[in-house]
Amino acid sequence: IQLVESGGSSVQAGDSLRLSCAASGRTFTNFGLGWFRQAPGKEREFVAAITWNLGTPTYRDSLKGRFAISRDKANNMVYLQMNNLKPEDTAVYYCAAARGGSLNDRTARFWGQGTQVTVSS
């Protein structure tokens, strides 16, 4: 399985950004895919996930309403739309995947290389 992120950039507070994850290497039926992030000096944390089959999303509580995850089954893509970005959103964002449909800290098994998002005040 390969996960390749793109879309990271340096932006201003209040801007929006969309991250993309291109997934390949197999079909993702019964998988969960999503995003984690790691800020400098902090542990990696869950951001959002989506079930491949039904497209059911889950979010980190503090990000609900600002971030939205989606997937394109036809093109094996996962997206993270980030709105009203804040300096504390600055981090490397990683695409991840898990078998079984539920992606979280314990189940993530496949990782991309990450894409940098920097938000300036």
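A: N30 is placed in the loop that joins strand 3 to strand 4; strands here are DSSP runs of E of at least two residues, while helices are runs of H or I of at least four, and both are numbered from the N terminus. The model is a predicted one, in which local features need pLDDT of at least 70 and side-chain atom pairs count only at pLDDT 80 or more, whereas totals for chains, interfaces and linings use all residues. Residues are numbered from 1 along each chain as its sequence is written, and side-chain values rest on heavy atoms, with hydrogens and water left out.

The phi angle of N30 is near 70°, a positive value in a residue other than glycine. N30 counts as partly exposed because its relative accessibility is 46%; buried means under 20% relative accessible area, exposed over 50%, and partly exposed in between, with a 1.4 Å probe and protein chains only. A positive phi is also found at N76, about 55°, although N76 is not a glycine. N76 belongs to the loop between strand 7 and strand 8.

M82, for its part, contacts D15, S16, L17, L19, R66, F67, Y93 and V117, neighbours within four places in sequence being left aside; contact means heavy atoms within 4.5 Å.

T115 lies in strand 11 (residues 115-120). T115 is buried because its relative accessibility is 11%. Beyond neighbours within four places in sequence, the contacts of T115 include G8, L19 and Y93. A polar atom of the T115 side chain lies 3.0 Å from the backbone nitrogen of G8.

R60 occupies the loop between strand 6 (57-59) and strand 7. With 28% relative accessibility, R60 counts as partly exposed. Residues up to four places away aside, R60 touches E45, F46 and V47, and its side chain reaches the backbone oxygen of F46 at 3.3 Å. A polar contact is a pair of N or O atoms within 3.5 Å; within protein, one must be able to donate a hydrogen and the other to accept it, and residues adjacent in sequence count only if both atoms are side-chain atoms.

R60 is also one of the residues lining the largest pocket, together with R37, Q38, A39, P40, K42, E43, E45, P87, E88 and T90. On a 1 Å grid over the protein atoms alone, a pocket is an open set of points where a 1.4 Å probe fits, with protein on both sides within 12 Å along at least five of seven lines, and lining residues have an atom within 4 Å of a point. The lining comprises 3 nonpolar, 2 polar and 6 charged residues. The space in this pocket is about 160 Å³.

Notes: Points joined across faces, edges and corners; volume = space filled by probe spheres on them. Nonpolar A, V, L, I, M, F, W, Y, C, P; charged D, E, K, R; others polar.
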